[in-house]
Amino acid sequence: MKKVIPFLLLILLFAGAAWFFLMKPADPVHELPPPVIAPASTAAPEPLPPQPESAVVYTEPEPVPVIPPEPLPALNESDPEVMQELGEIAGVDPLTQYLAADNVISRVVASVDSLTSRQVPVHINPISPAEDTLVVDKEGESVVLSEQNFTRYDGYVELMQNTDTDSLVTFYRRYSPLFQQAWEQNGGLGSFDIRMLEVIDNLLETPDVTGPIYLTKPEAVYLFEDPELEAMTAGQKVLVRMGSANAAVVKEKLSEIKEQLESEGE
């Protein structure tokens, strides 16, 4: 405070001096004798001395303060915070309806990794299964996947479509260290970012099946009659079972997520 007082006094003094010179009355005018005009000189005028160049003062920009991010919770204690942030992004009600509330990050990592396998184990899936059972129609002796079956996935697709991509990627980036930790605990090697992009590419390669989808039931579950469809990965089969229109919405969202993740990694 003692260093501030002289500085304030200097400001007051300069302000008072400026006020004095601006407000004082002008000096009286005195009559002067007529000027004497000297004869013109024939000598060349002496050159004016060079004017000093005005110094250019460069000021350093003020440093932008860096605000450190909030510390992350431990992976096994992250569920309350993760669910709260996801609720702010997607809404609390649909989140409660469709997402498991325990071991969220670990479930997501294991589930994403399994999407390129033959099936996703139920116990690791973070998403609640679609209500009711598979809906099929009969065409003579053939069994066809019913279009009514596609509506079972409408709620999931609507939730994904309405979720802001920027917010979703920001959420993922904040908790990326926990996703990586869960990936390594799950036995994964390398970067989970790379693995997730591989899975997204696999899903985007899912064929668009618009015609009738014939099924067969050799045992307890239905299989695709077309061997090429049956040979697809678990994630691709889910996209086919939800119908062409729903699959297109999911692919569009996945493309947006992939584009943002890749642009941030450049």
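**Salt bridges, burial and a pocket**

Q: What relative accessible area does D201 have?
A: This is a predicted model, so to speak: local features need pLDDT of at least 70, side-chain atom pairs count only at pLDDT 80 or more, and totals for chains, interfaces and linings use all residues. Residues are numbered from 1 along each chain as its sequence is written, and side-chain values use heavy atoms, with hydrogens and water left out. Buried means under 20% relative accessible area, exposed means over 50%, and partly exposed is in between (1.4 Å probe, protein chains only). D201 counts as partly exposed, with a relative accessible area of 28%.

Q: How far apart in sequence are the parts that D201 and K258 tie together?
A: D201 forms a salt bridge with K258, with the closest N and O atoms 2.6 Å apart; the term covers a side-chain nitrogen of Lys or Arg within 4 Å of a carboxyl oxygen of Asp or Glu. Helices (H or I, at least four residues) and strands (E, at least two) are DSSP runs, numbered from the N terminus. D201 sits in helix 8 and K258 in helix 11 (residues 244–264), so the pair ties together parts separated in sequence by 57 residues.

Q: How many salt bridges does the count come to?
A: One of them joins E81 and R174, whose closest N and O atoms are 2.9 Å apart. Another is where the side chains of D193 and R173 meet, also listed at 2.9 Å, N to O. By this rule, the count of salt bridges comes to ten.

Q: Which residues are linked with E81 in a network of salt bridges?
A: E81 forms a salt bridge with R174. E81 lies in helix 2 and R174 in helix 6 (residues 165–174), so that pair ties together parts 93 residues apart in sequence. E81 is partly exposed at 25%, and R174 counts as partly exposed at 23%. In the network, E81 is linked with E85 and R174.

Q: What relative accessible area does R173 have?
A: R173 is in helix 6 and its partner D193 in helix 8, 20 residues apart. D193 counts as partly exposed at 22% relative accessibility. R173 is partly exposed too, with a relative accessible area of 29%.

Q: Which residues of helix 4 are buried?
A: Helix 4 (residues 104–114) is mostly covered, with eight of its eleven residues buried. What covers them includes helix 2 (79–90), helix 7 (176–185), helix 8 (192–204) and helix 10 (234–241). The buried residues are V104, I105, R107, V109, A110, S111, V112 and S114.

Q: Which residues is M83 in contact with, leaving aside its neighbours within four places in sequence?
A: M83 is in helix 2. Contact means heavy atoms within 4.5 Å. With those neighbours set aside, M83 is in contact with L95, L99, A100, A101 and V104.

Q: What is phi of N103 near, in degrees?
A: N103 lies in the loop between helix 3 (92–98) and helix 4. It is partly exposed, with a relative accessible area of 45%. Its phi is positive in a residue other than glycine, near 50 degrees.

Q: Which residues is I257 in contact with, leaving aside its neighbours within four places in sequence?
A: I257 has its place in helix 11 and is buried at 13%. Its C-alpha is 8.2 Å from that of D166, 91 residues away along the chain. Leaving those neighbours aside, I257 is in contact with T165, L168, V169 and I200.

Q: What relative accessibility does S146 have?
A: S146 is in the loop between strand 2 (142–145) and helix 5 (154–162). Beyond its neighbours within four places in sequence, S146 is in contact with V135, V136 and D137. S146 counts as buried, with a relative accessibility of 1%.

Q: Which residues lining the second largest pocket are the closest to its centre?
A: A pocket is an open set of points on a 1 Å grid over the protein atoms alone where a 1.4 Å probe fits, with protein on both sides within 12 Å along at least five of seven lines; lining residues have an atom within 4 Å of a point. About 180 Å³ of space lies in the second largest pocket, a volume being the space filled by probe spheres set on the points, which are joined across faces, edges and corners. Of its 14 lining residues, the closest to the centre are L145, E147, F150, G211 and P212.
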